[in-house]
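Open the model in your viewer and keep the sequence panel beside it. The stops below each give something to select and then say what is there.

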Amino acid sequence: MNARLVGRWSLAALAAAAVVMTVARPLAGQGAPAQARGHDAATQEWIQLFNGRDLANWTAKFTKHDLGVNLHDTFRVENGVLAVRYDKWKAFDGEFGHLFYTQPFSYYRLAAEYRFVGEQLAGGPGWARRNNGLMLHAPDPKTMLKDQDFPISIEVQLLGGLGDGKPRTTANLCTPGTHVVLNGQLFTPHCTNSSSRTYDGDQWVRVEVEVHGDERLRHIVDGQVVLEYARPQIGGGQVSPADPKVKVDGTPLTGGYIAIQAETGPTEFRKIELLDLEGCADPKASNYRTYVVKGDPKRCRY
């Protein structure tokens, strides 16, 4: 998303996903792990949205092209990483790209490990250098118009330092077609900076986002919360064109689809994983998990 505005404002397909069992990593504010019928109720079940082999469960959408067209093979898997490449492009003509995961989520913790590599595609906008993003709470990509530039969403903007000694934070907030509540007030500027440090060069960076529906969203870098806000909702501009049946200003965004971007900056993702915080909250169930934030009795197994 347009980083020119950032500098101005300093502020389920589950079966197809690989599930990795990790050592318990309780979320902030949780107490000692509980036990449920012999199972460690605090063991976290991270879903690997990117399987390291192919683009299964992901669908591309580029401006001026139909859903499902992976323009110039931009999104691809090479050497175990999900790569955003521009080596097959000759020029850029406003074809912003997004790669959507097949399943929507509402309460979750999303983690991405990324880095910027190579040079920006010639003709790309200046603000798009070393720029990508995690698009959250987007409507079904099938609702995007063919010429629509960005999905209505909450963007966790990923930026790399430009090596010029100037600060350039990552895990910023941008709001294409949306608003949020920040510090108790409706926040309508398009972008605002996080409090992260600058990451220069081609180093890997891990960014996490803790999402509680439309109650609260937290951006986390190096284990530190660098930005927090609430009540994401449809509103404002920075999306063009948009179906008026979809872009109904004031509509709360309680969940939606996740996407990564292609904005002319070559990028690699070696991991994109998600911890679903919506699930079984009954201690009597065999699949009870202490880290669940929103209980869903239909998911419980006895």
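Select Phe-116 first. This residue is buried because its relative accessible area is 3%, and buried means under 20% relative accessible area, exposed over 50%, and partly exposed in between (1.4 Å probe, protein chains only). The model is predicted, so local features need pLDDT of at least 70 and side-chain atom pairs count only at pLDDT 80 or more, while totals for chains, interfaces and linings use all residues. Residues are numbered from 1 along each chain as its sequence is written, and side-chain values use heavy atoms, with hydrogens and water left out.

Phe-116 belongs to strand E9, residues 107-116. Helices (H or I, at least four residues) and strands (E, at least two) are DSSP runs, numbered from the N terminus. Contact means heavy atoms within 4.5 Å. Beyond four places in sequence, the contacts of Phe-116 include Asn-131, Leu-159, Gly-160, Asp-202 and Pro-266.

**Next stop: strand E20**

Select residues 267-276, which form strand E20.

Glu-268 is in strand E20. Is Glu-268 buried or exposed? With a relative accessible area of 8%, Glu-268 is buried. Show its side chain together with that of Arg-85: the two make a polar contact at 2.7 Å. A polar contact is a pair of N or O atoms within 3.5 Å; within protein, one must be able to donate a hydrogen and the other to accept it, and residues adjacent in sequence count only if both atoms are side-chain atoms. Besides Arg-85, Glu-268 touches residues including Val-81, Glu-113, Tyr-114 and Trp-204, with residues up to four places away not counted.

Which side chain makes a polar contact with the side chain of Glu-273? The partner is Gln-48, at 2.9 Å. Among the residues that Glu-273 touches, leaving out those up to four places away, are Trp-46, Gln-48, Arg-109 and Arg-206.

**Next stop: an open sheet**

Colour seven strands in the order E5-E8-E19-E10-E11-E12-E15: they make an open sheet with antiparallel pairing. Its edge strands are E5 (58-62) and E15 (191-192), each of which pairs on one side only. Two strands pair if DSSP finds at least two bridges between them.

Select E10, residues 131-138. Eight of its eight residues are buried. E10 pairs with E11 (residues 154-159) in the antiparallel sense over six bridges. To follow this pairing, find Asn-131, whose bridge partner in E11 is Leu-159, and then Leu-136, whose partner there is Ile-154. E10 also pairs with E19 (residues 257-262), in the antiparallel sense over three bridges. Here Met-135 has Ala-259 as its bridge partner.

**Last stop: the whole chain**

Zoom out. The chain has one helix and 22 strands, and 54% of its 302 residues count as buried.

Colour by pLDDT, the predictor's confidence in each residue, from 0 to 100. The chain averages 90, and 87% of the residues score at least 70. Finally, select residues 3-38, where pLDDT stays under 50. Where pLDDT is low, the predicted coordinates should not be read in detail.
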